[in-house]
Amino acid sequence: MDKIAPAIARKWAFEDFAEGVTIDLGAKDVTAAEIVDFASEFDPQPMHLDESAGQASILGGLSASGWHTCSMFMRLLCDAILLDSTSQGAPGVDHIRWKKPVLAGDRLSGQATIVATRPSKSRPTLGLVTMRSELVNQRGETVLELENTGMFLKRGAAA
């Protein structure tokens with residue numbers, strides 16, 4: 001079984017990521033107010049704005065937009081890794097799936113598993129780290145799965 005590395009206070013550089021390691025991203029409680037706030041600005045579909053409309057939908061209640069779910073994941077990733085790293089951004093997301101609705105009152109927890117690392121061929125100071133991540137709710141159901149590659153400075157380049 002792969003070890004789970006805690007979200008620790010250090011400067012993550014390319015060399016700190018090893019294939020097979022799973023990193024705990026922490027947890028987040030989802031409130032009805034934040035679901036409505038996000039939806040009001042970015043995804044004003046009825047099931048994201050109103051409990052009754054959510055109940056009448058196939059989602060079963062007031063549910064977070066998939067994009068809100070991605071944003072909550074991104075916050076967890078930032079707090080656990082990116083804000084204390086040499087991250088230089090990402091070229092994109094290769095895979096994303098919203099597996100179950102995220103409902104008001106859910107508690108989400110996340111993890112990211114390193115699936116590949118490689119030095120950049122075109123930029124010798126960078127390395128590429130591919131992560132397969134997921135968010136699960138308090139019932140252990142996967143609500144989001146995502147795979148993407150991030151660009152991190154190598155330790156010598158970060159100094």
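I count two residues as in contact when heavy atoms lie within 4.5 Å. With that settled, I opened this predicted model and began my notes.

**Contacts along the chain.** I took the contacts between residues at least 6 apart in sequence and asked what share join residues at least 24 apart. The share came out at 67%.

**Elements.** I then went through the secondary structure and found five helices and six strands. Reading from the N terminus, I wrote down the order as β-β-α-α-α-α-β-β-β-β-α.

**Box and surface.** Along the principal axes, the C-alpha atoms fill a box of roughly 55 × 35 × 25 Å. I looked up burial next: of the 159 residues, 40% are buried. The protein exposes about 8,500 Å², and 54% of that comes from carbon and sulfur atoms.

**Charges.** I found 16 positive and 20 negative side chains. The centres of the two sets are 9 Å apart.

**Cysteines.** How many disulfides does a search of the whole structure find? I got zero, so I went on to check the cysteine sulfurs, knowing that a disulfide needs a pair within 2.5 Å. For Cys-70, the closest cysteine sulfur belongs to Cys-78 and sits 13 Å away, so the two are too far apart for a bond. Starting from Cys-78 instead, I came back to Cys-70 as the closest, again at 13 Å.

Are these two cysteines buried or exposed? Cys-70 has a relative accessible area of 13%, so I noted Cys-70 as buried. Cys-78 is at 17% relative accessibility and therefore counts as buried too, the cut-off being under 20%.

Conventions:
Residues numbered from 1 in each chain as written. Predicted model: local features only at pLDDT ≥ 70, side-chain atom pairs only at ≥ 80, totals over all residues. Heavy atoms only, no water. Helix = DSSP H or I, 4+ residues; strand = E, 2+ residues; numbered from the N terminus. Buried < 20%, exposed > 50% of the residue type's maximum accessible area, 1.4 Å probe, protein only. Areas by Shrake-Rupley, 256 points an atom, 1.4 Å probe, with all protein chains shown as cover. Lys, Arg positive; Asp, Glu negative; His and termini not counted. Charge placed at Lys NZ, Arg CZ, Asp CG, Glu CD.
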